[in-house]
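Please look through this structure with attention to its strand pairing and its aromatic side chains. A short report follows.

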Amino acid sequence: PDPGTLASVLTEGVKNTIGDSRVKVTYEPEYVPAVPPAMPDIPPEQLAGMIKATVKVEVLDGNIAYLKIQHIIGEEMAQKVGPLLLEYIWDKVLPTSAMILDFRSAVSGELSGIPYIVSYYTDSEPLIHIDSVYDRPSDITTELWSMPTLLGKRYGTSKPLMILTSKNTLGVAEDVAYCLKNLKRATIVGENTAGGTVKIDKIKVGDTDFYVSVPVAKSINPITGKSWEIDGVAPHVEVPAEDALETAVAIIQ
């Protein structure tokens, strides 16, 4: 009689059977499949305003750049608002002597944004194979490589880079952290991340209002041959998320 309870019992059963915490059964009579929004036809200034609302930029004492990112934008968006992003964000942090990327509340992002971010902290040559993503519905593996040219200057490979994580850091941000960690370019400070996925589909169960959320793509790191999914990204320096910024600053100093 209670579909919500049934959904949670089924979810527990599925988790215990296959050991994957990302698979969920839900009861959603009002569910409408989300259609990926087309690139909004709004002025770049307004788009930049939206991005500024999800990115916090500061230069801390000791000439340390602090960038708090909640959503990792994709290539198309970056191309459209790139010059404004340079002006508002990048030009402010480029002259600093160390950088902290705060991913503690980063829970969404676009796959095409991964090479963008990673490339700013690597050299232009040689190109680096960053990640491979296997998409099951299409049976296609996409290789992500560092980019030879970028808008604006690179931050380079020698200045300290810290990434702050929490147990809520999810999806694309986990991928960026895992890539930079295994390229030995960043020190991860904080908590073990959520262990999400790069892509989830919601599949309707027959002619009911029950849905199963299932990961349909897998990230495989070319350096480790493994994925950050399910287990998450382990920090180099494990501290409670609320202490991660203070700890990172102390490490840099």
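Four bridges connect β1 to strand β12 (residues 210-215), and the two strands run antiparallel. K24 faces S213 of β12 across this pairing. This is a predicted model.

**The sheet**

β1 and β12 belong to an open sheet of three strands, in the order β1-β12-β11. The pairing is antiparallel. Its edge strands are β1 (24-27) and β11 (200-204), each of which pairs on one side only. Neighbouring strands in this sheet are turned against each other by 30 degrees on average, with direction ignored. A helix covers part of it: α1 (residues 3-18) lies across β1 and β12. Relative to β1, helix α1 runs at about 175 degrees.

**The aromatic pairs**

The whole structure holds six aromatic pairs. A pair of aromatic rings is described by the distance of the centres and the angle of the planes.

| Pair | Centre to centre | Angle between planes | Geometry |
|---|---|---|---|
| W90 and Y120 | 4.8 Å | 55 degrees | tilted |
| W90 and Y155 | 6.2 Å | 65 degrees | edge-to-face |

Where do the partners sit in the chain? W90 is in helix α3 (residues 75-93), while Y120 is in the loop between α4 (113-119) and β7 (129-135). Y155 is in the loop between β8 (140-145) and β9 (161-165). W90 and Y155 are 65 residues apart, and this pair too links distant parts of the chain.

**Burial and surroundings**

Are these residues buried or exposed? W90 has 8% relative accessibility and counts as buried. Y120 is buried, at a relative accessible area of 12%. Y155 is buried as well, at 4% relative accessibility. The cut-off for buried is under 20%.

Ring pairs join W90, Y120, Y121 and Y155 into a cluster. Y155 also has a charged neighbour: K159 lies over the face of its ring, 4.0 Å from the ring centre.

Note on methods: Residues are numbered from 1 along each chain as its sequence is written. This is a predicted model: local features need pLDDT of at least 70, side-chain atom pairs count only at pLDDT 80 or more; totals for chains, interfaces and linings use all residues. Side-chain values use heavy atoms; hydrogens and water are left out. Rings of Phe, Tyr and Trp (its six-membered ring) pair if their centres lie within 6.5 Å; planes under 30 degrees apart count as stacked, over 60 as edge-to-face and the rest as tilted. Buried means under 20% relative accessible area, exposed over 50%, partly exposed in between (1.4 Å probe, protein chains only). A charge sits over a ring if NZ of Lys or CZ of Arg is within 6 Å of the ring centre and within 35 degrees of the ring normal. Two strands pair if DSSP finds at least two bridges between them. Axes are lines fitted to C-alpha atoms, for helices over the stretch in contact, and angles run from 0 to 180 degrees between N-to-C directions. Contact means heavy atoms within 4.5 Å.
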